Amino acid sequence: MAKVLVVDDEPNIVLSLEFLMQQAGFEVVTAEDGEGALARVAEGAPDLMLLDISLPGISGFDVLERLRADPAHARLPIIMLTAHGREVEREKGMALGADDYITKPFSTQALVEKVKTLLDEAR
């Protein structure tokens with residue numbers, strides 16, 4: 001079973017993403033900030049990460065940069081979650097090495113399809 005790490009500081013988003021990913025057949029671990037995300041990856045790398053850009057402390061961009069700079073995690077599929085209409089954030093995330101991005105509020109079906117596609121490509 002593929003493991004998905006959900007990183008967001010909004011509890012309702014974490015709960016909905018956790019439920020959605022479990023319904024799609026994935027094991028889910030969560031973190032509420034950048035430090036927690038890096039700690040979860042160190043404990044046992046997920047197969048894919050859903051990473052919010054706006055996090056307290058270390059931002060999603062910083063988490064992305066640190067993971068891409070680490071050879072052990074440089075290929076980890078990462079989908080950035082961004083607030084609606086932040087085109088500059090999307091471009092920055094893609095430039096820093098994100099595999100995809102999705103804007104909140106998001107289509108649950110589209111997100112599940114993106115996750116499955118990236119996991120298939122990573123195998």
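Which residue forms a salt bridge with Arg40, and how many Å apart are the closest N and O atoms? The partner is Glu43, with the closest N and O atoms 3.9 Å apart, where a salt bridge is a side-chain nitrogen of Lys or Arg within 4 Å of a carboxyl oxygen of Asp or Glu. The model examined here is predicted, with local features requiring pLDDT of at least 70 and side-chain atom pairs counted only at pLDDT 80 or more, while totals for chains, interfaces and linings use all residues. Residues are numbered from 1 along each chain as its sequence is written, and side-chain values use heavy atoms, leaving out hydrogens and water.

By the salt-bridge rule, the count comes to six. Both Arg40 and Glu43 belong to helix H2 (residues 34-43), three residues apart, or about one turn of the helix. Helices (H or I, at least four residues) and strands (E, at least two) are DSSP runs, numbered from the N terminus. Arg40 is partly exposed at a relative accessible area of 31%, whereas Glu43 is exposed at 63%. For these classes, buried means under 20% relative accessible area, exposed over 50%, and partly exposed in between, using a 1.4 Å probe and protein chains only.

A second salt bridge connects Asp52 with Lys104, the closest N and O atoms being 3.2 Å apart. This pair links distant parts of the chain, with Asp52 in strand S3 (residues 48-52) and Lys104 in strand S5, 52 residues apart. Asp52 is buried, with a relative accessibility of 3%, and Lys104 is likewise buried, at 13%.

Asp100 is buried at 18% relative accessible area, while Lys114 is partly exposed at 25%.

Spanning residues 100-104, strand S5 has a covered face made up of Asp100, Ile102 and Lys104, and an uncovered face with Tyr101 and Thr103. Strand S5 runs parallel to S4 (residues 78-83), and five bridges join the two; strands pair if DSSP finds at least two bridges between them. Within this pairing, Met80 stands opposite Tyr101 in S5.
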